[in-house]
Amino acid sequence: MSWSQLLRQLPSELVAQSCIDAGVASVEADYAAALAAIPNAPAKAQGIAVGQAAAAAILAMRATDGVTGPFLNHNCSQATRPGQYQCTPGSPFIVFETWEKVTPFVLQDMAQFRPGAPYAVTEKGFTEDFNEVKSLGGDGITTRSARTADQTEIALFWYESSPLKWSRIARAVSIKKGLNLWENARLFGLLNMALADGYIAMVATKNHYNYWRPVTAIQTGKTDGNPDTTGNPTWTPLRATPPDQDYASGHAIEGGAAAEVLKQVFGSDQISFQDCGVTLPAGSTCSDPTPVLRSYASFSQAAAENAYSRILIGFHFRKSIEEGTAYGRKIGERAVNLYLRPAH
C-alpha cells in the first residue's frame, strides 16, 4: 500500500479530483527520489516490505472505522433562536457532521472529556466574549478592527492546517533533540493519533452543543435578547468563517493535544523553538527566501497563541478556545500515557 493509494481514497466531495491527482503525482515523485537515494541492498528491500506491511495492517484495522460520507450537509438550519448555529455566510452547508461516528484511536469514545456547555447568550461571559471578538476579529476593510499588526500576523500565522503546523514544529524539535528513527516513529504516531482524535471529539462536541459562530452572533446582535450586546449586520471576519459550529474550537483542541504530546514525549514544556507559516502574506511564508519566523519559549506558549489566533481572525469566542485547549490537553495526555509505551 503506497501513499499514492491513500491519497486516492480522499473524497472528491471535499477535494477536487485535479488536486488529488496532483498530490498523487507529487508523492510518487518524492517517494521514488527518496528510494533512489538509498543503495540497493537486502536492508532496503526489507525496509520497503516492513513499511508496506505496516500500512496494510493499519488500513485493515481501520477498514470499518466509520469514515463514511456524505461529508457536507446541505440541509443547514437557518434557525433564528439566539445561540443556535446557522449557516455561515457563503457556506450553505455544514461540514464533517458525520465525523463524530469515526472510531477514535486513543479516546474511549467521542464524548470522553467533553467540556460543559458554552455560555448562554444572556450571561456576562458571553457579553465579554462577544465584545472581544467583535473588536479584534474584523477584516479591517468592511469592518474596523482594533487588532495590532502583530495580532494580524498571529491570526494568519496559525491559519494553516493544524496537523501540518504541529508536525512541522515536532520535526524541528526532534532534530534539535536528536531523536532516532524509532523515537521519531513513536513521537509522530502519538502526535497524529491525538490530533486525529481531536477532530473526532471536536465534531462530536460541535454537533452536541450546536452553538453559533461569532459572525452570526454579531450580525444578529440586535435581536439576541442581550441588552449589553450591540450588533453590526455587516460585520465581517478577517477570513471567511469555516462552515461548522463554534464550540469547542477545533484549532484550540488540536493545539492543546499537540502541545501536551510534545511536552510528555520530550519531558519538558520549556523547550524553545521557531516556526514559519504557510498562510502568511506572499514574501513571508515558509517557502519564501526570508520567511517570517515566530519564536516560542514553550509548547504551552505556542498552544495559547494558536488558540488566541482564532479570536483575532474572527472565528471563535474566548470560551471556545479556552475549553478547546484544555480538552485537547486531556486527549494528548491520554495518548502518551496509554499508547505506544516504550518497551524498556
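Is Gly255 buried or exposed, and what is its relative accessible area? Gly255 is buried, with a relative accessible area of 0%, where buried stands for under 20% relative accessible area with a 1.4 Å probe and protein chains only.

The model is predicted, so that local features need pLDDT of at least 70 and side-chain atom pairs pLDDT 80 or more, whereas totals for chains, interfaces and linings use all residues. Residues are numbered from 1 along each chain as its sequence is written, and side-chain values use heavy atoms, without hydrogens and water.

Gly255 belongs to helix H9 (residues 250-266), helices being DSSP runs of H or I with at least four residues, numbered from the N terminus. Setting aside residues up to four places away in sequence, Gly255 touches Trp166, Ala303 and Asn306, a contact being heavy atoms within 4.5 Å. The C-alpha atoms of Gly255 and Ala307 are 7.1 Å apart, although 52 residues separate the two along the chain.

Trp166 is also among the residues in contact with Phe299, as are Leu262 and Phe273. In the largest nonpolar core, which has 60 residues, Phe126, Trp158, Trp166, Leu262, Phe299 and Ile331 touch the most other members; such a core is a set of buried Ala, Val, Leu, Ile, Met, Phe, Trp, Tyr and Cys residues joined through side-chain atoms within 4.5 Å.

Methods
Helices (H or I, at least four residues) and strands (E, at least two) are DSSP runs, numbered from the N terminus. Buried means under 20% relative accessible area, exposed over 50%, partly exposed in between (1.4 Å probe, protein chains only).
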